[in-house]
Amino acid sequence: MIQAGGHQLLKIKGNNVVKPTKRREMEFYIEVLPRLPELQEYVPNLYGFGDLEKVKRLFTEEEYDFCLFKNYNCYIELENLVNNNVRSIIDIKLGSVYWKSDEEKSIIDANKEKNKCSICNEYKFRLDGYIINNVKRTKEECRKMSVEQVKDVLKNIGKCHIDIICDWLKRYLIVLKKIKVSIYGPSLLVVISGNGIKLKLIDFTVYEEGIHNDDLVLGIEKLINILHE
């Protein structure tokens with residue numbers, strides 16, 4: 001199993017991936033996403049969900065206890081975007097707001113503190129981990145990167161793939177401006193392999209219906225501009 005970024009313990013189940021998560025993300029897949037058909041092509045396919053205890057056998061005791069400690073009491077089973085020919089995986093966190101509009105101040109302050117050295121405050125996106133040419137950088141390492149360092153990393157993607165990413169993001173922007181759901185802090189997962197490139201949005205733990213997320217729109221626009229440089 002290859003993982004770049006994130007902190008969940010992803011597990012393989014057949015041809016799919018099991019992701020421990022909070023109930024809110026599970027509810028996004030089973031209650032919100034079905035009402036947004038225009039968004040579905042940008043999100044991994046869902047093949048199963050439920051209480052985490054149902055898939056407890058996939059984890060060691062230590063891993064399972066860690067999931068509970070993180071309040072991951074549910075799971076979602078998603079399509080596996082990674083194959084044996086993968087060359088690069090890049091996790092790009094979109095936006096700089098990761099909390100609902102009515103969130104407690106302590107949680108907002110904690111998020112701001114974690115990202116105070118991140119480019120997301122100015123550019124509304126940041127790297128959240130990557131594996132490129134066998135070089136791996138974690139979420140914590142990427143948070144401290146300057147915009148010039150981020151640009152150097154993105155240059156390794158290659159122009160043909162950058163054009164595909166930008167076209168994908170532009171199409172997603174059209175959808176994002178239409179839907180009446182704000183998704184806070186999703187990640188764009190870029191998977192490059194011998195078979196081409198796959199792009200999907202992941203991480204829907206925080207969302208809010210009825211509010212337009214201008215912060216996310218601005219972050220995607222800035223990312224497109226940087227990719228085109």
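Let me start with helix α8, which covers residues 214-228, and which in this predicted model has 15 residues and reaches 21 Å from its first C-alpha to its last, close to the 21 Å expected at 1.5 Å a residue.

Which residues of α8 are buried? They are Asp 215, Leu 216, Val 217, Gly 219, Ile 220, Leu 223, Ile 224, Ile 226 and Leu 227. As you look at that list, keep in mind that an α-helix has 3.6 residues a turn, so residues three or four places apart point the same way. The buried residues of α8 pack against several elements, including the strands β5 and β6 and the helices α6 and α7.

That brings us to the sheet, where five strands are arranged in the order β7-β6-β5-β9-β10, with antiparallel pairing, and where the sheet is open. Because β7 (135-137) and β10 (196-202) stand at the edges and each has a single partner strand, one side of each is left without a neighbour in the sheet. From one strand to the next, the twist averages 20 degrees.

If we follow β7 to its partner, we see that three bridges join it to strand β6, residues 125-132, and that the two run antiparallel. Across this pair, Tyr 130 stands opposite Arg 137 in β7.

Finally, helix α6, residues 147-155, lies across β5 (86-94) and β6, and runs at about 45 degrees to β6; α6 is also one of the elements against which the buried residues of α8 pack.

Methods:
Residues are numbered from 1 along each chain as its sequence is written. This is a predicted model: local features need pLDDT of at least 70, side-chain atom pairs count only at pLDDT 80 or more; totals for chains, interfaces and linings use all residues. Side-chain values use heavy atoms; hydrogens and water are left out. Two strands pair if DSSP finds at least two bridges between them. Helices (H or I, at least four residues) and strands (E, at least two) are DSSP runs, numbered from the N terminus. Axes are lines fitted to C-alpha atoms, for helices over the stretch in contact, and angles run from 0 to 180 degrees between N-to-C directions. Contact means heavy atoms within 4.5 Å. The expected span of a helix is 1.5 Å times one less than its number of residues. Buried means under 20% relative accessible area, exposed over 50%, partly exposed in between (1.4 Å probe, protein chains only).
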